Amino acid sequence: MRTLLRGARELAGLALRADRWRLVRAALLVLLGYLATPLIAVALMGLTDAAVAGDGPAAGAYALAVAVLLVVELMAVHFAHLSYFEVGELAEVGLNERLGGLLHGARGVHHFDEPQVMNSVTLMREGFAQTREGVEALLQFCGLALQVGLTTVLLVRLDPWLLLLPLAALPPVLIAERAQRVLDTAKEKVGESTRLAAHLLAVAVSPASVKEVRIFQAEQQLIARQSAAWQRVSAALGAAHLRSAALRAGGQIFFALAYGGAIVAVISRAVAGQASVGQVVLVITLAVQVSVQVSGVLGLLARLQGAAATLARLHAARRRLEPAPGEDRTRADALPARLERGIRLENVGFSYPGADRPVLHEVSLEIPPGATVAVVGENGAGKSTLVKLLCGLYEPTSGRVLADGLDLRDLPPEAWRARLATLLQDFARFELSLRDNAGAGELRRLRDDEAITAALARAGAERLPEMVPGGLDGLLGHGYGDGVDLSGGQWQRLGLSRTHLREDPLLLVLDEPASALDAAAEHALFERYAASAGQARKESGAVTVFVSHRFSTVRMAELIVVLDQGRVVESGGHARLMADGGLYAELYGLQARAYR
Ligand SMILES: Nc1ncnc2c1ncn2[C@@H]1O[C@H](COP(=O)(O)OP(=O)(O)OP(=O)(O)O)[C@@H](O)[C@H]1O
């Protein structure tokens with residue numbers, strides 16, 4: 001009940017902030033419409049008694065009142081709907097903004113790897129889509145509460161025993177709350193299967209995977225796995241719905257018995273001459289209304305409980321993701337303008353959330369200011385993980401990452417991010433304009449055509465604006481429009497152009513930036529970077545860290561770090577590592593022989 005009340009209060013606050021006057025207008029119209037219903041019963045009583053007494057003018061006046069009230073009842077709720085429709089939509093936008101702020105306000109991205117958090121996000125997004133219904137339910141619930149109050153007063157004035165009728169509506173309401181909890185728990189339990197089913201469906205129909213799905217003739221298997229996952233969800237939800245419906249039905253049967261009892265009681269009184277015909281009509285009409293009110297309350301409660309559960313999930317996510325007071329020890333002024341002492345990793349260990357095995361062990365590295373570092377190692381050695389830790393996307397499980405002697409944990413994440421230029425291995429391909437894709441590197445320069453064109457040229461993508469209809473503002477991809485599809489290498493160059501837009505990075509990270517480029521293009525690319533790193537070195541002591549499997553490129557780096565199963569097994573310059581004859585020399589030799 002506390003969650004429900006808190007949710008209702010919060011929903012009202014959200015709707016008020018979305019559009020105060022529209023909400024007030026909608027609330028007044030709803031209240032008017034709901035008040036009209038019991039007044040119709042009163043007018044009907046007057047009409048019946050006037051007709052029985054043969055009082056024509058009074059009967060006519062009551063008939064007119066009934067007609068007017070009926071029109072008010074129908075029209076007020078309809079016009080209210082027009083007002084709260086938009087309020088609900090705006091409130092939904094507000095909730096989505098809050099969720100986005102929460103997910104991106106947390107220091108790192110670790111929570112995106114936590115199934116519990118992601119399940120809850122899926123449920124929240126589904127719940128947010130019901131915000132309009134939630135606002136509607138809240139207003140109607142207020143109207144219904146007023147209606148129940150007026151109905152109760154009318155019944156009690158007739159016979160105090162009739163108070164039992166609205167009271168008999170309470171147990172079904174409480175039972176309905178329990179029924180909703182049964183549903184919520186079931187939804188939480190099948191959250192992972194729900195996401196799996198949605199993912200498999202996306203794989204089966206998305207343009208990115210459909211080619212391989214066809215070639216491997218995997219469509220049948222995908223569909224079978226999708227329907228198996230969906231059946232698991234439906235079986236569990238079906239059972240929960242059944243249990244919930246049985247509970248709700250039990251409550252309604254209880255009320256139906258009370259309803260029958262009230263009608264029998266008032267008819268006996270009329271037979272005994274203690275009640276007028278009009279009063280019998282009043283009770284029968286009000287009792288029917290109470291029955292509608294009860295099922296209305298139950299339906300609205302279910303919707304309100306759904307909205308309250310969504311808002312409760314949002315609070316739980318906030319508690320989980322926002323730093324506790326005192327926990328945030330960052331200092332905005334701490335980041336130096338230039339790196340004097342470079343970047344240092346001290347005994348860094350790291351495990352992904354929920355994983356039982358660490359990916360990095362006791363990694364210690366000293367990267368001098370201005371250095372160019374290559375990280376090499378076999379697949380799964382931990383290279384991308386190391387890079388993500390350098391970017392502050394994850395925090396070490398043990399040890400520290402220091403920039404100029406400052407622990408990254410002590411820096412506001414946004415301050416550090418503002419000084420990074422990155423092309424990650426799984427870089428984003430935004431199905432937006434060419435400008436958006438390049439300009440994402442430095443949003444302040446999104447409208448700066450000259451800077452964007454120059455960045456594209458430096459990444460070897462100078463021909464893209466001519467190739468894409470609409471130039472910089474031309475659309476890429478087919479996600480929602482008829483955009484241009486780029487080749488893998490073109491997308492990668494576009495990703496690279498983002499790194500060239502950053503004006504004063506302290507750390508340039510390139511995780512396999514040329515995996516889709518040919519060897520000559522990769523060589524040229526790194527020569528260009530080496531030249532600009534030399535410039536940056538003078539200006540800001542910026543460090544360049546790149547991951548590559550091409551040793552002809554790797555050998556250009558001043559410092560080469562060899563990772564093996566999450567440990568640094570060798571580090572140094574090319575000549576020294578070759579002379580040592582260790583893993584690096586072995587891998588280099590293997591690749592050199594393959595090219596011969
Ligand atoms: N988000 C994640 N959650 C859990 N485990 C992960 C995650 N990302 C990577 N891993 C695991 O961490 C290990 C190291 O992965 P990483 O991507 O750092 O390797 P890598 O050296 O960059 O490999 P590659 O050369 O194939 O790109 C792998 O065993 C991988 O399964």
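Arg9 is found in helix H1. Helices here are DSSP runs of H or I with at least four residues, strands are runs of E with at least two, and both are numbered from the N terminus. The model is predicted: local features need pLDDT of at least 70, side-chain atom pairs count only at pLDDT 80 or more, and totals for chains, interfaces and linings use all residues. Residues are numbered from 1 along each chain as its sequence is written, and side-chain values use heavy atoms, with hydrogens and water left out.

Arg9 is exposed, at a relative accessible area of 61%. Exposed means over 50%, buried under 20%, and partly exposed in between, with a 1.4 Å probe and protein chains only. Arg9 belongs to a surface patch of positive charge, together with Arg2, Arg6 and Arg319. Helix H1, residues 2-18, gives the most to this patch, with three residues. Patch members have over 30% relative accessible area and no salt bridge; like charges are joined within 9 Å, and nonpolar side chains (Val, Leu, Ile, Met, Phe, Trp, Tyr) within 5 Å. A salt bridge puts a side-chain nitrogen of Lys or Arg within 4 Å of a carboxyl oxygen of Asp or Glu. The place of an Arg charge is taken as CZ.

Next come the annotated spans. An unreviewed UniProt entry places the feature "transmembrane region" at residues 26-47, 59-80, 134-155, 253-272 and 278-301. Such annotations may be inferred rather than shown by experiment. In the model, residues 134-155 are 100% helix and 0% strand, with end C-alpha atoms 30 Å apart. Residues 253-272 are 95% helix and 0% strand, and their end C-alpha atoms lie 29 Å apart.

Now the backbone. Most residues other than glycine have a negative phi. Asn347 has a positive phi, near 45 degrees. Asn347 sits in strand S1, residues 343-350. Its relative accessibility is 40%, so Asn347 counts as partly exposed. Asp404 also has a positive phi, near 55 degrees. Asp404 lies in the loop between strand S4 (398-403) and strand S5 (406-407). With a relative accessible area of 11%, Asp404 is buried.

The last stop is helix H20, residues 574-580, which holds Ala575. Ala575 has 59% relative accessibility and therefore counts as exposed. From Ala575 to Glu414 the C-alpha to C-alpha distance is 38 Å, across 161 residues of sequence.

How values were computed
Accessible areas come from the Shrake-Rupley method with a 1.4 Å probe; for residues, only the protein chains shown count as cover. Lys and Arg count as positive and Asp and Glu as negative; His and the chain ends are not counted.
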